[in-house]
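Here are a few exercises to work through with the model open beside you. Try each task before you read its solution.

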Amino acid sequence: SALLRTLTQADLAELLAQNADEPFADAIARALHEQPIDTTTQLADCVRRVLAERLPAGNRPQETRKALQRTFQALRIAVNDEFRALDQFLAHLPDCLAPGGRVAILSFHSGEDRRVKKAFQAGHRGGVYAAVAPDPIRPSADERRANPRSSSAKLRWALRAARAD
C-alpha cells in the first residue's frame with residue numbers, strides 16, 4: 001500500500017502497462033488512485049469493480065482473474081525492483097561466461113522475456129554472443145498438460161563468442 005500512495009495515477013498506469021502488459025492499466029490506475037488501498041483484498045475488489053464495468057459477463061471471470069494476476073505481478077516487480085536486478089544480471093552475464101560458453105534463461109512473463117531477448121540480440125550485434133536463440137523454446141503440449149504452470153515459460157539461449165587473443 002505504501003507504493004500505491006507514492007505513485008501518481010499516470011505512474012501507476014505506466015507501471016501496470018510496463019511490468020505486466022495490463023490492457024486495463026489506465027482504468028485500474030484511476031480506480032486505485034481514487035480510493036485508499038490498505039489490504040490486498042481491497043486492491044482485488046477494486047480491480048474486480050473496474051473489470052465488471054468494462055467486460056461482458058461471459059468473459060468476466062477469466063479476464064478478471066488475469067487482470068488480478070497481472071496487477072499483483074506488476075506491483076511485486078516494482079516493490080522488489082526485479083527488472084533492475086535482471087538488467088544488472090544481463091549486463092554482467094557475458095563476463096561470467098568463458099569463450100564458447102552457453103547460457104539459457106527461462107522467463108515466465110513478457111517483461112522478463114523482452115529484456116532477455118533484447119540483451120541477447122544487442123550482445124549478438126555487438127559481437128559478445130556468437131549466436132542467440134532465434135525464437136524462444138516453449139513447452140510442448142504434453143509438458144503443459146503435465147505441468148500447467150509451465151505454459152507461460154520461454155527459454156532463450158546464447159553462445160558466448162570466442163575471444164580473439
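**Exercise 1. Find the buried residues of helix α2 and say how they are arranged around the axis.**

Step 1. Now look at the cover. Among the elements over these buried residues are α1 (2–6), α3 (25–34), α5 (60–80) and α6 (82–96). Helices (H or I, at least four residues) and strands (E, at least two) are DSSP runs, numbered from the N terminus.

Step 2. Just past the end of α2, D21 has a positive phi of about 50°.

A note on the model: it is predicted, so local features need pLDDT of at least 70 and side-chain atom pairs pLDDT 80 or more, while totals for chains, interfaces and linings use all residues. Residues are numbered from 1 along each chain as its sequence is written, and side-chain values use heavy atoms, without hydrogens and water.

**Exercise 2. Trace the contacts of V47 and T71.**

Step 1. Check the burial. V47 counts as buried at 1% relative accessibility, and T71 is buried at 0%.

Step 2. List the partners, with contact meaning heavy atoms within 4.5 Å. Setting aside neighbours within four places in sequence, V47 meets I28, A67, L68 and T71. On the same terms, T71 touches L16, E22, I28, L43 and V47.

Step 3. Compare with the sequence: V47 and T71 are 24 residues apart along the chain, and 8.2 Å separates their C-alpha atoms.

**Exercise 3. How many disulfides does the whole structure hold?**

Step 1. Recall that a disulfide is a covalent bond between the sulfur atoms of two cysteines. The search criterion is a pair of cysteine sulfur atoms within 2.5 Å.

Step 2. The search finds zero disulfides.

Step 3. Look at two cysteines: C46 is buried, at 2% relative accessibility, whereas C96 is exposed, at 63%.

Note on methods
Buried < 20%, exposed > 50% of the residue type's maximum accessible area, 1.4 Å probe, protein only.
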